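Work through these exercises with the structure open beside you. Try each task before reading its solution.

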Amino acid sequence: MRVKSVKLGEGKLLGFMSIDPNDPRVLERSRHNIMEAGIGKMIDQNILYWEKTRKVGQPKVDIGEAKYNERDCIRIEIASAQRDASAYCYRSVIYLEKASKLPIRLENYDWPQTGGNPAGELMEMFSYVNLRFNVGLTNEDFAK
């Protein structure tokens, strides 16, 4: 994985460097490495979460319409009915763009804490904005 390194003293940059996607430094500021990014991984993660949540108990599910980034979406929220230590999160909200049926936003919330937000605190959020499809790219565009 190519990353831009941090500044050294006196404003000097080391530039770009290559590190292993599984290097512990990758997870210092993120819950996921680059191999877990992308719309396909977002779909896979939600399917696993939903299946696990159903096995533990009857989850609360809310489906409705919403807008995200000025796009019409189907908003699906699923919340665990009971606390489970093996669960990835307490509540997950996904926005499926109506036109493409692709997920364009995902919000995962941690278990509510005493005195905290009863809906749980946001622990991660992923968004895809300005997606465009069939823009006329050719094989040559990827050979540069």
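Two strands pair if DSSP finds at least two bridges between them. Keep in mind that this is a predicted model.

**Exercise 1.** How many bridges join strand β4 to strand β5?

Solution. Find β4 at residues 71–79 and β5 at residues 91–97. Seven bridges join these strands. They run antiparallel.

**Exercise 2.** Give the strand order of the open sheet, then find which strands are the edge strands.

Solution. Start with the order: β3-β4-β5-β6-β7, five strands with antiparallel pairing. Next, look for strands that pair on one side only. These are β3 (60–68) and β7 (122–127), the edge strands.

**Exercise 3.** Which strands does helix α1 touch?

Solution. Locate α1 at residues 39–56. The helix packs on the sheet and touches β4, β5, β6 (103–109) and β7. Compare directions: α1 makes about 45 degrees with β6.

**Exercise 4.** With which residues is Glu65 in contact, leaving aside its neighbours within four places in sequence?

Solution. The contacts are Cys73 and Lys98. Look at the side chains of Glu65 and Lys98: a polar contact of 3.0 Å joins them. Then turn to Arg75. Glu65 and Arg75 are ten residues apart in sequence, yet 5.6 Å apart in space, C-alpha to C-alpha.

Definitions and conventions. Residues numbered from 1 in each chain as written. Predicted model: local features only at pLDDT ≥ 70, side-chain atom pairs only at ≥ 80, totals over all residues. Heavy atoms only, no water. Helix = DSSP H or I, 4+ residues; strand = E, 2+ residues; numbered from the N terminus. Contact = heavy atoms within 4.5 Å. Axes fitted to C-alpha atoms, helices over the stretch in contact; angles between N-to-C directions. Polar contact = N/O pair within 3.5 Å; in protein donor to acceptor, adjacent residues only side chain to side chain.
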